[in-house]
Amino acid sequence: TELKKVIQGIPKAELHLHLEGSFEPELMFKIAKRNKIVLDYASIDSLKEAYKFNNLQEFLDLYYIGAQVLLHEQDFFDLTWAYLTKVHSQNVVHVEVFFDPQTHTDRGVPFDVVITGIHKALEKAEHELHISYRLIMSYLRHLSEEAAFKTLESSLPYKDWIDGVGLDSSELGNPPSKFVNVFKASYNYGYTLVAHAGEEGPVDYIWQALELLQVVRIDHGNRCLEDEALVKRLIEEKIPLTLCPLSNVALNVIQKMEDHPALKMLEIGMIATIHSDDPAYFGGYMNENYYETAKALHLNNSQLKQLAINAFEASWLTRETKEKHIAHVK
Ligand code: ADE
Ligand code: ZN
């Protein structure tokens, strides 16, 4: 359709993507087989059947199980490379992706194995696909701050390969305030800070992410619209929100796409951006997220382009590079 062509034609930046969430069942079965791991599901179809979630935790339970088949550098390379070639086909030209080191190191997979596989795929994509990238290490918020500190320490030999730190996993009951010290330490080592906040958790967690953690972007942040003072602050300080519409529907953060706050946010001048979160689990990559959002909210072409421009603005690219990309969107 016309809308699909317009979306394909827009160069895009993806800023909210968990590499472990891009693990397609086909690749999962292939890697499980070569690692001689037997999955609990008899077939790719029966695994896909299980992808029905009532909330964030039900998804996370499956997401962590899937990640267990990743053992070797080649596995992390293949996971990352599959994602990058997929989004390359969707005209994504810049990515800032998350990985969850603790999901792997807690199973005995060395930090080095995880990051080397990911790094090699990102470098290959930069050279061969001309996709620029940043890498963000996420702390799992259901674990302790002390565990996050251990992860920070493990990351230091690879500091040049990592641009930022994030905070993800089970939000309710694990407020940003739990991680104040490790975020401060991460900042002092030169990492740029982001955090998931206000996906399932209350507005107060978004305030905490801003004031206590001092993040430069909020991942999700859907619930900010409940708080006028917070909205004012996000607009004044130009704090971007990385929204993930298909994820929000899949995890019951919203009931239906028509309820998504993206348009309202655009209209009031927030730096709203669109991303895919965990595309293998939620039914779509970047183009599908743009398409379903545009269709449900009746976005016009200039609003679609604004979303793409916002993502370049929200990225960690240099001013000059941002301008180059933005000129291509227009
Ligand atoms: N880890 C992967 N996807 C996530 C999400 N949407 N929220 C929190 N943690 C996550
Ligand atoms: Zn996420």
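A residue is called buried here if 20 or more other C-beta atoms lie within 10 Å of its own. The model is predicted, and the descriptions below should be read with that in mind.

Begin by selecting H18. The residue has 28 other C-beta atoms within 10 Å and is therefore buried. H18 is placed in the loop that links strand 1 (12-14) to helix 2 (25-34). Apart from neighbours within four places in sequence, the contacts of H18 are F98, D100, D168, D277 and D278.

Next, follow one of these contacts and select D277. This residue lies in the loop between strand 8 (272-274) and helix 14 (279-282). With 30 other C-beta atoms within 10 Å, D277 is likewise buried. Beyond four places in sequence, D277 is in contact with residues including H16, L17, H18 and G21, and also with C244, S247 and F282.

Now select H16, H18, H196 and D277 together; an unreviewed UniProt entry lists these four under "binding site". The four span 262 residues in sequence, but no two of their C-alpha atoms are more than 11.8 Å apart, so they gather at one spot.

Finally, display ligand 1. Which residues surround ligand 1? The shell consists of H18, G21, L56, D168, S169, H196, E199, S247, D277 and D278. Sorted by class, this shell holds 1 nonpolar, 5 polar and 4 charged residues.

Methods. Residues are numbered from 1 along each chain as its sequence is written. Chains are lettered from A and ligands numbered from 1 in the order in which they are written. This is a predicted model: local features need pLDDT of at least 70, side-chain atom pairs count only at pLDDT 80 or more; totals for chains, interfaces and linings use all residues. UniProt positions are given in the numbering used here, feature names are shortened, and annotations may be inferred rather than shown by experiment. Helices (H or I, at least four residues) and strands (E, at least two) are DSSP runs, numbered from the N terminus. A residue is buried if 20 or more other C-beta atoms lie within 10 Å of its own, exposed if 12 or fewer, and partly exposed in between; C-beta atoms are placed from the backbone. Two residues are in contact if their C-beta atoms, placed from the backbone, lie within 7 Å. A residue is near a molecule or strand if its C-beta atom, placed from the backbone, lies within 6 Å of it. Ala, Val, Leu, Ile, Met, Phe, Trp, Tyr, Cys and Pro count as nonpolar, Asp, Glu, Lys and Arg as charged, and the others, Gly among them, as polar.
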